[in-house]
Amino acid sequence: MSTHILVLGGTTEARLLAADLAARPGVRVTTSLAGRVSRPAALEGDVRIGGFGGAEGLADWLREHRVDAVADATHPFAAGITAHAACATAATGLPLVVLRRPGWRPGPGDRWHLVDSLEAAADLLPGIGRRVLLTTGRLGLAAFARLTELHFVVRSVEPPEPPMPPDTVVLSARGPFTLADESRLLRAHRIDVLVTKDSGGAATEAKLTAARELGLPVVVVRRPALPEGVTPVPDVAGVLDRLGLDRPDRDLPDLDRPDPGPR
């Protein structure tokens, strides 16, 4: 009988985790995507797209599909699905492993302004710069729509959703980005302030180095807090360790959990 693991995906780490799990005998993996990207990268194993209908809907899906463990490898700012996963696994008695890539840390020469929300970032901008590179994704631009005196360059994989600032140039691009690319972008658009979320990872880190080298201030939105009692792991190896799959004498996860009853 196979062990069924649900991966909540949408990140590079989720794709790597799904590939590792799908290659293991006796392990079935299903990756769930929110459906916000029109052309997601190929994934190993089964794939489902769309929401679950909140924590209760997710719990019902876990029971119906006889899932044995959940690995949340969503984006660090996908706070809603992480909260739902914590509630759903608590309700069903299933193990939950949350994978969060390490966040970025400022280094010598960085001019970072740390804030807790996009709204707080918008409040800071008029006093810092006039030409903004905004790399916070296509959602949430409404927080900056009131800044009519500033020029924005918005970079996102998918077209951003309105409302957005009236003076906005949209660049459609997907990382990874090189340091040379980021430096050229900042210079070409005469950017004097960068706004980003603390997503972590190497694929989009070059913009921070480019900003440092050009002496530009960076407004960094902190990550939302994880649900109470959740301790994340930093990588795929950490997930495999939590599930017991890194042990040479085991092929299947050691899923030590209370029996939730029929699923």
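The model is predicted: local features need pLDDT of at least 70, side-chain atom pairs count only at pLDDT 80 or more, and totals for chains, interfaces and linings use all residues. Residues are numbered from 1 along each chain as its sequence is written, and side-chain values use heavy atoms, with hydrogens and water left out.

**Overall build**

The protein chain contains seven helices and eleven strands; helices (H or I, at least four residues) and strands (E, at least two) are DSSP runs numbered from the N terminus. Its C-alpha atoms fill a box of roughly 60 × 35 × 35 Å along the principal axes.

Five strands form an open sheet in the order 3-2-1-4-5, with parallel pairing; two strands pair if DSSP finds at least two bridges between them. Strand 3 (46-49) and strand 5 (96-98) are at the edges and have a single partner strand each, so one side of each is left without a neighbour in the sheet. Strand 1 (residues 3-8) pairs with strand 2 (residues 27-33) over six bridges in the parallel sense. Thr-3 has Val-27 in strand 2 as its bridge partner.

**Helix 1 and helix 7**

Helix 1 (residues 12-22) packs against helix 7 (residues 236-243) at an angle of about 45°, and their axes are 9 Å apart. Axes are lines fitted to C-alpha atoms, for helices over the stretch in contact, and angles run from 0 to 180 degrees between N-to-C directions. The two helices are therefore oblique to each other: angles under 35 degrees count as roughly parallel, over 145 as roughly antiparallel, 65 to 115 as roughly perpendicular and the rest as oblique. Glu-13, Leu-16, Leu-17, Asp-20 and Leu-21 in helix 1 meet Val-236, Val-239 and Leu-240 in helix 7, where contact means heavy atoms within 4.5 Å.

**Cis peptide bonds and a positive phi**

| Cis peptide bond | Omega |
|---|---|
| Pro-162 to Pro-163 | near 0° |
| Gly-175 to Pro-176 | about 10° |

Pro-163 is in the loop between strand 8 (151-156) and strand 9 (168-172). Arg-66, although not a glycine, has a positive phi of about 50°.
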